[in-house]
Structure formats: C-alpha cells, structure tokens
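Here is a short briefing on a pocket and a set of aromatic rings. The structure comes first, then the points by topic.

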Amino acid sequence: MMKFPRCSECGGKVKLIAKPGRSCQYKVGVHLPIPDDYEIPTCINCGEDFSCPEFDEPLYEILEKLYQRLNAEC
C-alpha cells in the first residue's frame, strides 16, 4: 500500500478513498463525473482530495473516453 504525506490542509492522514459525487474539470468549461469506484488520495479528516500523477493519468484516460462518448451522443 502506498504511503502518502499528511494532509497539507489539516495535518490529517491521507488514504485512497473512492466515493460517489465527485467531479473534476477535464477541459475548459467541461466538468465530468469521476467514477464512484475510482480511488483518489483523500484526507480522512477534512476530505481534501489530492492530485498525484500516478492517479491522475489513469483518471484522465477514463475521462477522455467518457468525453468522447458524450460528444458522440450529441
């Protein structure tokens, strides 16, 4: 299991957490939902999400597929 530094916002412990209701800006003016089962480094105390290339790159691949699918439906 990967070890993360403490939360820069509150000093809490950061763990990989998957939860529903998350979204992120994918392109200018485009927010897409993050899959409910996708784990992101998150503070267990304050809930702050953290960016990390190891987790961001696979997420952007998922979001690109979703973006392409949504554009094809228009």
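The lining of the largest pocket has eight nonpolar, two polar and three charged residues. Here Ala, Val, Leu, Ile, Met, Phe, Trp, Tyr, Cys and Pro count as nonpolar, Asp, Glu, Lys and Arg as charged, and the others, Gly among them, as polar. The model is predicted: local features need pLDDT of at least 70, side-chain atom pairs count only at pLDDT 80 or more, and totals for chains, interfaces and linings use all residues. Residues are numbered from 1 along each chain as its sequence is written, and side-chain values use heavy atoms, without hydrogens and water.

**Pocket**
- A pocket is an open set of points on a 1 Å grid over the protein atoms alone, where a 1.4 Å probe fits, with protein on both sides within 12 Å along at least five of seven lines; lining residues have an atom within 4 Å of a point.
- In the largest pocket, 13 residues form the lining, and C24, I34, I40, D56 and L59 lie nearest the centre.
- Two or more lining residues come from each of β2 (23-27) and α1 (53-73).
- Helix α1 gives the largest share, four residues.

**Aromatic rings**
- The whole structure holds three aromatic pairs (Phe, Tyr or Trp rings, the six-membered one for Trp, with centres within 6.5 Å; planes under 30 degrees apart are stacked, over 60 edge-to-face, the rest tilted).
- Y26 and Y60 form a tilted pair, with ring centres 6.2 Å apart and planes at 40 degrees.
- Y26 sits in strand β2 and Y60 in helix α1, 34 residues apart.
- Ring pairs join Y26, Y60 and Y67 into a cluster.
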